[in-house]
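Here is a short report for a first look. Please keep the sequence and the 3D view open while reading.

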Amino acid sequence: MYTIGLTGGISSGKSTVSAMLEQLGAAIIDTDIIARKIVEPGQPAWQEIVAAFGTSCLFPDGHINRKLLGEIIFTDDHKRRVLDKITHPHIQNTARQALQAAAQQGIKTAVLDAPLLIEVGWQHMVQAVWVVYVDEETQIERLMRRDRLDRSQALARIHSQMSLREKLLFATVVIDNSGNLEATQKQVFAAWQCLAANQ
Ligand code: ADP
């Protein structure tokens, strides 16, 4: 099985490209979905988070208040590292199992959809790194519109991440999503055909 590591920056268009790849027949392993599942009540990561952050990070029904945790780690690097150290191994194990299951089902191409693929060093799990790029002004506009943020909030979120330009250095394939959806679709299709021709 050929595995693409799909990454990008916030609102660069990763979900958009992931949906296009799914349409083309790839199996999508979405690490954002996995990240939500591994912190459900009773899961090992849930227990470790409650031990580290206390019950004040829980809703009354026992679910983790991810928004509150997100706010805490946004302004506290030490706590961010503590949370990452708990969650990343669980996310990686679950993703690895999903990839193994896809391979056993005879899937030819899988996509590991991971916003932090490069930051956490998961390139070794994939055969190619596809980076969804967008110019910063378009990224700001799309983020403001999608998440109803003002410009300074959008900029704070973008600048808290590794820059997209830096991510390009790790790319096997770059999808430039600065244009319209049709232009992106064409690039995705061309890269997919290239891949299919070499399989
Ligand atoms: P990510 O998953 O990287 O955070 P999304 O795929 O959600 O980004 O895209 C961010 C926002 O921009 C979404 O509202 C999406 O509908 C919109 N968008 C994505 N690509 C394009 C495009 N080429 N043209 C116009 N809007 C786009």
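## Ile10 and its contacts

Which residues does Ile10 touch, not counting residues up to four places away in sequence? Ile10 touches Gln139, Leu143, Arg146, Arg157, Ile158 and Gln161. Contact means heavy atoms within 4.5 Å. Ile10 is found in the loop between strand S1 (2–8) and H1. Helices (H or I, at least four residues) and strands (E, at least two) are DSSP runs, numbered from the N terminus. The C-alpha atoms of Ile10 and Ile107 are separated by 28 Å. These two are 97 residues apart along the chain.

## About the model

This is a predicted model, where local features need pLDDT of at least 70, side-chain atom pairs count only at pLDDT 80 or more, and totals for chains, interfaces and linings use all residues. Residues are numbered from 1 along each chain as its sequence is written, and side-chain values use heavy atoms, leaving out hydrogens and water.

## The shell around the ligand

The ligand is surrounded by 14 residues, each with a heavy atom within 4 Å of it. The closest are Ser11, Lys14, Ser15, Thr16 and Arg146. Helix H1 (14–23) and helix H6 (136–147) each supply at least two residues of this shell. H1 gives the most, with three residues.

A ligand oxygen atom is 3.4 Å from a polar backbone atom of Gly9. A ligand oxygen atom is 3.2 Å from a polar backbone atom of Ser12. Arg142 has a polar side-chain atom 3.1 Å from a nitrogen atom of the ligand.

Definitions and conventions:
Polar contact = N/O pair within 3.5 Å; in protein donor to acceptor, adjacent residues only side chain to side chain.
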